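Visitor: I'd like to learn how to read a model like this one, feature by feature. Could you walk me through it?

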Amino acid sequence: TTPFDMVMLNDLDRFHLVMDAIDHVPSLGMRYAGLRQRMSDKRMVAREYTREYGIDLPEVAGWVWPDVGQTATEEGGPQPTTMDTGGDNA
């Protein structure tokens, strides 16, 4: 198994969190049923990929924060950042 797969086994992954939000906010249920299904499908694809290749999906393993490199320090200068989130992907 992989770190992300372990998170999925505990229902704490990003896909399941979206599904939980849709399930627990009454106004989202019918409106976002399609998104919920896509998240469920993504979980299945991620699990199958892990079982077949022994690693996380590239889109999960290679994910980075969208604003990486754009964070500023209090002084206004650039803050050192990293492109690799490593263990944060779990």
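Predicted model: local features only at pLDDT ≥ 70, side-chain atom pairs only at ≥ 80, totals over all residues.

Visitor: Let's begin with the fold. How many helices and strands does the protein have?

Guide: Count the secondary structure elements, then read their order. Here there are four helices and zero strands, and along the sequence they run α-α-α-α.

Visitor: Now the rings. How many aromatic pairs are in the whole structure?

Guide: With rings, check the distance between centres and then the angle between planes. A search of the whole structure turns up two aromatic pairs. One of them joins phenylalanine 4 and phenylalanine 15, with centres 6.0 Å apart and planes at 85 degrees, an edge-to-face arrangement. This pair links distant parts of the chain, since phenylalanine 4 sits in helix α1 and phenylalanine 15 in helix α2, eleven residues apart. Both phenylalanine 4 and phenylalanine 15 are buried.

Visitor: What about tyrosine 49 and tyrosine 53?

Guide: Those two form a tilted pair, 4.5 Å centre to centre, with 40 degrees between the planes. Tyrosine 49 and tyrosine 53 are four residues apart in helix α3, so about one helical turn separates them.

Visitor: Where does arginine 14 lie relative to tryptophan 63?

Guide: Here you ask whether a charged group sits over a ring. Arginine 14 does lie over the face of tryptophan 63, at 5.6 Å from the ring centre.

Visitor: On to backbone angles. What is phi of aspartate 11?

Guide: As a general idea, most residues other than glycine have a negative phi. Aspartate 11 has a positive value, near 55 degrees. Aspartate 11 is in the loop between α1 and α2, and its relative accessibility is 34%, so it counts as partly exposed.

Visitor: Is aspartate 13 buried or exposed?

Guide: Check the relative accessible area, then see what surrounds the residue. Aspartate 13 has a relative accessible area of 1%, so it is buried, and its place is in the loop between α1 and α2. Leaving aside neighbours within four places in sequence, aspartate 13 is in contact with Phe4, Val7, Met8 and Arg43. The C-alpha atoms of aspartate 13 and arginine 43 are 8.6 Å apart, although 30 residues separate them along the chain. The side chain of aspartate 13 also reaches the backbone nitrogen of histidine 16, at 2.9 Å.

Visitor: Which residues does threonine 2 touch?

Guide: Set aside residues up to four places away in sequence, and threonine 2 touches Thr50, Gly54, Ile55 and Asp56. Threonine 2 is in the segment before α1, and with a relative accessible area of 7% it is buried.

Visitor: Last one: with which side chain does glutamate 59 make a polar contact?

Guide: Look for N or O atoms that can pair across side chains. The side chain of glutamate 59 makes a polar contact with that of lysine 42, at 2.6 Å. Glutamate 59 lies in helix α4 (residues 58-61) and is partly exposed, at 42% relative accessibility. From glutamate 59 to alanine 46 the C-alpha distance is 9.6 Å, with the two residues 13 apart in sequence.

Methods. Residues numbered from 1 in each chain as written. Heavy atoms only, no water. Helix = DSSP H or I, 4+ residues; strand = E, 2+ residues; numbered from the N terminus. Phe/Tyr/Trp six-rings, centres within 6.5 Å; stacked < 30°, edge-to-face > 60°. Buried < 20%, exposed > 50% of the residue type's maximum accessible area, 1.4 Å probe, protein only. Lys NZ or Arg CZ within 6 Å of the ring centre and 35° of its normal. Contact = heavy atoms within 4.5 Å. Polar contact = N/O pair within 3.5 Å; in protein donor to acceptor, adjacent residues only side chain to side chain.
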